[in-house]
Amino acid sequence: MKLDLLQCRPAAQAPVGAPLLFVHGAFCGAWVWAERLMPALARAGRACHALSLRGHGDSEAGPWPATFADYVADVEAAIDHLGGRCVLVGHSMGGLVAQHCLGRPGRVAGLALLASVPPAGLAPVAWWMAATAPDLCGDIGLLQGLGRAGASPAAIRRAFFGPDVPLAEVAPFLDRLDGESGRACLDMMLPPPPRLPPPAARPPVLVLGGDADRLIPVFALRDTARAFDATLEILHSAPHGLMLDPD
């Protein structure tokens, strides 16, 4: 099965450190990293690669609907393609997928979880959204059920961006969204805990998120940091789409 793997390398120097492998969240694709973050990191000397999970971006769908295990297998295949060792950077759903790629020691040199679904899965996040923003929860449901035709630029701005981002800048983002596998979403509601290597072999982990995120609350970021004994950084006024935020 063909998987889309974008790359962005330093133009004038040999790459520094292990390659970075980016894993997108629900409805997105590798393209979401290529807008801002990958070029900036390549200018800083890092070799960057971004994977589109099956059924997203330019990757083939394979048997559909995909399972959560399928997404994990896609990332494992990308790690193999890059030589078997990299720094994983996962956003939202992709953060949970990345957490489940730590079981084989030595393959992940570091892990950065951006606005990540916590190890406990989507259930606690979904309950929080239903209680604090039921209208947004409904908008996400329409996006899941109807695809991009079920979402408005205003809803997508609220979910991914800050309130000051013009709707004209949100519309092209909406046009690139893909459908999401309902089977994978169901698998992620209450997933098994990630398999972790022995403490001496565990890579460093960074958990990063914003206190203005409408999808992943601060308590979920703290839960994730505790689970991995990770460094936690909470960005003031940052939205869910950290890699797209102009600030």
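Which strands does helix α10 (residues 218-228) lie across?

## Basis of the model

This is a predicted model, in which local features need pLDDT of at least 70 and side-chain atom pairs count only at pLDDT 80 or more, while totals for chains, interfaces and linings use all residues. Residues are numbered from 1 along each chain as its sequence is written, and side-chain values use heavy atoms, without hydrogens and water.

## The sheet

Seven strands form an open sheet with mixed pairing, in the order β1-β3-β2-β4-β5-β6-β7. Its edge strands, β1 (5-8) and β7 (231-235), each pair on one side only. Strands are DSSP runs of E with at least two residues, and helices are runs of H or I with at least four, numbered from the N terminus; two strands pair if DSSP finds at least two bridges between them. From one strand to the next, the twist averages 20 degrees.

Four bridges join β1 to β3 (residues 48-51) in the antiparallel sense, and Leu 6 has Ala 50 of β3 as its bridge partner.

## Helices on the sheet

Helix α10 lies across β5, β6 (205-210) and β7, and runs at about 175 degrees to β6. Angles run from 0 to 180 degrees between N-to-C directions, with axes fitted to C-alpha atoms, for helices over the stretch in contact. Contact means heavy atoms within 4.5 Å.

## The α6 and α7 pair

The axes of α6 (residues 134-146) and α7 (residues 153-160) come within 10 Å and cross at roughly 110 degrees. Therefore α6 is roughly perpendicular to α7 (65 to 115 degrees). Among the contact residues are Leu 136 and Ile 140 of α6 and Ile 156 and Arg 158 of α7.

Terms used:
Angles under 35 degrees count as roughly parallel, over 145 as roughly antiparallel, 65 to 115 as roughly perpendicular and the rest as oblique.
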